[in-house]
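Student: Please pick one part of this model and go through it closely. State the cut-off behind each term when you use it.

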Amino acid sequence: MNKQTNNKVARSVGFVVLLTMICLVSFFPIFWIFTTALKVPADVMCSPPKVFFTPTLNSFQTVLGKPGVGTMFLNSGVIALSASLIVIALAFPAAYSLARFRMKRKDDLAFMMLSLKMFPPVAVVIPFYIMYNKIGLYDSQIGLILLYVAVNIPLAVWLLLGFLKELPVALEESALVDGANPIQVLLRIVLPLSATGLAAVGILTFIMCWNEFFFALVLTGRNTRTLTVFLYSFMTFREIQWGPLMALGTLMTLPVIIFSVFFRKQLIEGITLGALKE
Amino acid sequence: MNSLAKHRYLFLLPVLGYLLAFVIFPTIYTWKMSFSTLGVNKFVGLKNYIYLAHDPTFVQALLNTLYLVCAAVAIELVIGFAIALLLNRQFRGKSLVFWFILLPMIVAPVVVGLAFRVLYDPTLGLVNHLLSLIGITGPEWLTTARLAMPSIILIDVWQWTPFMVLLLMAGLQYIPKSIIEAARVDGATKWNLFRYITLPQMKNFIVIAVIFRAMDCFNNTFAQIFMTTRGGPGHATETLPIYAYRTAFVFIKFGRAAAMSMMLFFVILLFVTAVRRVSREKLMQAI
């Protein structure tokens with residue numbers, strides 16, 4: 001009896017230790033960015049790395065003092081926000097139609113949209129680069145927004161489809177029986193009920209665009225540089241300034257982490273493709 | 001009853017038109033461009049592809065890409081499966097653990113690259129400091145040819161093992177409890193349970209997880225490499241996306257870069273087909 005309980009205790013202790021390790025490993029590099037951002041240069045360059053140090057906001061001041069940083073924050077924000085809104089506006093009707101109406105080759109369609117993930121971004125971006133240079137969309141916010149919308153639509157439709165399928169149809173049907181106009185039903189009943197789904201998709205899209213590097217590297221120039229590209233170009237200066245770099249990394253990561261606190265479940269579902277529900 | 005049903009295809013039109021214009025059409029253009037030089041103006045037949053076949057850097061980039069994807073996805077699958085099995089039970093604080101697991105996936109890849117660059121740094125990095133505590137002199141992780149790619153793989157494993165965990169956990173929930181109970185009553189050992197029940201039941205989920213992770217790893221492991229090694233030292237971590245990027249936007253050889261990105265597309269297609277063939281299951285059945 002005693003031995004058995006001992007065994008049980010040992011196992012649950014082991015379980016907790018493993019869980020703690022998983023969380024620590026997951027969080028550590030992010031934690032390291034945050035703490036390095038709070039160190040003074042001497043502490044950053046110190047080997048062995050200092051565990052206890054006096055935190056300062058110097059690095060944040062340095063990075064925020066760089067010319068154009070405010071604009072770049074704005075660029076990243078405006079581009080990500082516009083792309084998310086357009087994605088939702090386009091994806092919602094499509095997902096609604098797929099969820100409610102009978103359609104030929106519906107499964108093929110859904111599969112086709114997901115298989116767009118196979119298309120290499122390099123293959124997509126080269127024609128855009130050439131075309132944008134011709135029609136003057138190179139180094140413009142609109143140019144990048146248009147591309148981000150394209151990249152994020154398939155997943156958005158897929159996720160909203162899963163979400164709309166789970167909404168009760170009865171409410172819509174009774175409204176239609178009562179003589180409501182279908183467009184009204186869509187706007188007054190379905191849209192409000194989908195608010196959480198739309199928010200989740202919007203936030204996931206926002207994060208994807210906010211974090212995006214490759215397209216931004218190719219298609220932005222002096223006027224529209226986003227934070228990810230700035231972080232990269234900031235690093236290739238002659239002498240790497242770890243502190244300010246980490247401060248910028250922190251500022252880029254904090255909004256994402258704050259979102260994740262409130263929308264953990266939706267983000268997990270979104271990233272795992274709605275947990276493949278069907 | 002719903003009069004919108006008549007116009008159901010109309011609702012899809014914006015999305016389909018958009019994807020056609022912004023993804024499909026550009027890729028077709030790139031396809032055409034891979035047989036030309038300077039845009040699609042001058043047709044040169046297979047010249048770009050023949051050039052690539054004789055370009056040792058391209059061959060190395062192709063092998064590097066396969067090395068990265070195969071190693072990273074395999075490691076992520078094994079560790080991810082183990083963690084998924086561990087977490088597949090009720091316990092307090094489960095949602096907190098999930099929040100921690102979510103974090104690596106939503107941090108910007110450039111920031112991830114930056115973080116690991118510091119951690120790997122030979123003089124101020126924590127990795128070598130920890131190694132020195134147990135008496136090992138750490139190597140220069142990112143600038144030694146032999147170690148650079150494994151270091152990149154480790155970054156990918158850190159960032160994307162959570163994806164495997166979440167996807168496989170979703171799969172584990174679909175295994176009927178009754179089968180497991182029945183097997184347990186019949187005296188199946190833990191290993192037998194895993195080998196003859198969990199694993200076969202999870203086959204479809206494993207295939208989907210591997211395919212999605214691999215597609216992403218082929219195409220989107222860009223920023224992490226760009227921030228840490230930029231393809232170096234030499235060409236040790238040069239992958240197809242990196243090399244295609246440099247060919248197009250540094251060397252300004254669009255035709256060649258187009259051919260390269262088409263090769264990448266076919267490699268992915270081949271990989272996905274191979275995985276599906278091996279599993280002998282239709283992907284859609286499980287999705």
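Tutor: I will take chain A, where 78% of the contacts between residues at least 6 apart in sequence join residues at least 24 apart; two residues are in contact if their C-beta atoms, placed from the backbone, lie within 7 Å. The model is predicted: local features need pLDDT of at least 70 and side-chain atom pairs count only at pLDDT 80 or more, while totals for chains, interfaces and linings use all residues. Residues are numbered from 1 along each chain as its sequence is written, and chains are lettered from A and ligands numbered from 1 in the order in which they are written.

Chain A contains 14 helices and zero strands; helices (H or I, at least four residues) and strands (E, at least two) are DSSP runs numbered from the N terminus. With a radius of gyration of 24 Å, well over the 19 Å that the globule rule gives for 278 residues, chain A is more spread out than a compact globule. That radius is taken over C-alpha atoms, and the rule is 2.2 Å times the number of residues to the power 0.38. The C-alpha trace of chain A spans about 80 × 70 × 35 Å along its principal axes. Of the 278 residues, 45% count as buried. A residue is buried if 20 or more other C-beta atoms lie within 10 Å of its own, exposed if 12 or fewer, and partly exposed in between, with C-beta atoms placed from the backbone.

Next, the domains. The assignment for chain A gives domain 1 (2-37) and domain 2 (66-276); such bounds come from an automatic or database domain assignment. The C-alpha centres of these two domains of chain A lie 34 Å apart. Their contact takes five residues from domain 1 and seven residues from domain 2. On the side of domain 1 that touches domain 2, four residues are nonpolar, one is polar and none is charged. Here Ala, Val, Leu, Ile, Met, Phe, Trp, Tyr, Cys and Pro count as nonpolar, Asp, Glu, Lys and Arg as charged, and the others, Gly among them, as polar.

On the packing, the largest nonpolar core has 168 residues, and those with the most contacts inside it are Ala91(A) and Leu160(A). A nonpolar core is a set of buried Ala, Val, Leu, Ile, Met, Phe, Trp, Tyr and Cys residues joined through C-beta atoms within 7 Å. Helix H7 (residues 141-165) of chain A supplies the largest share of this core, 18 residues. Leaving out residues up to four places away in sequence, Leu160(A) touches Ala91(A), Phe92(A), Ala95(A), Gly197(A) and Val201(A).

Helix H10 of chain A covers residues 195-211. Its 17 residues reach 24 Å from the first C-alpha to the last, close to the 24 Å expected at 1.5 Å a residue; the expected span is 1.5 Å times one less than the number of residues. H10(A) is mostly covered, with 14 of its 17 residues buried.

Tyr129(A), placed in helix H6 (residues 121-135) of chain A, is partly exposed, since 17 other C-beta atoms lie within 10 Å. Not counting residues up to four places away in sequence, Tyr129(A) touches Val218(A) and Leu219(A). Its C-alpha is separated by 43 Å from that of Ala42(A), 87 residues apart along the chain.

The last item is the partner chain. In the interface, 70 residues of chain A are in contact with 77 residues of chain B. Chain B itself has 14 helices and two strands, and 43% of its 287 residues are buried. Its C-alpha atoms fill a box of roughly 75 × 70 × 35 Å along the principal axes. Chain B is divided into domain 1 (1-33) and domain 2 (46-286), whose C-alpha centres lie 31 Å apart.
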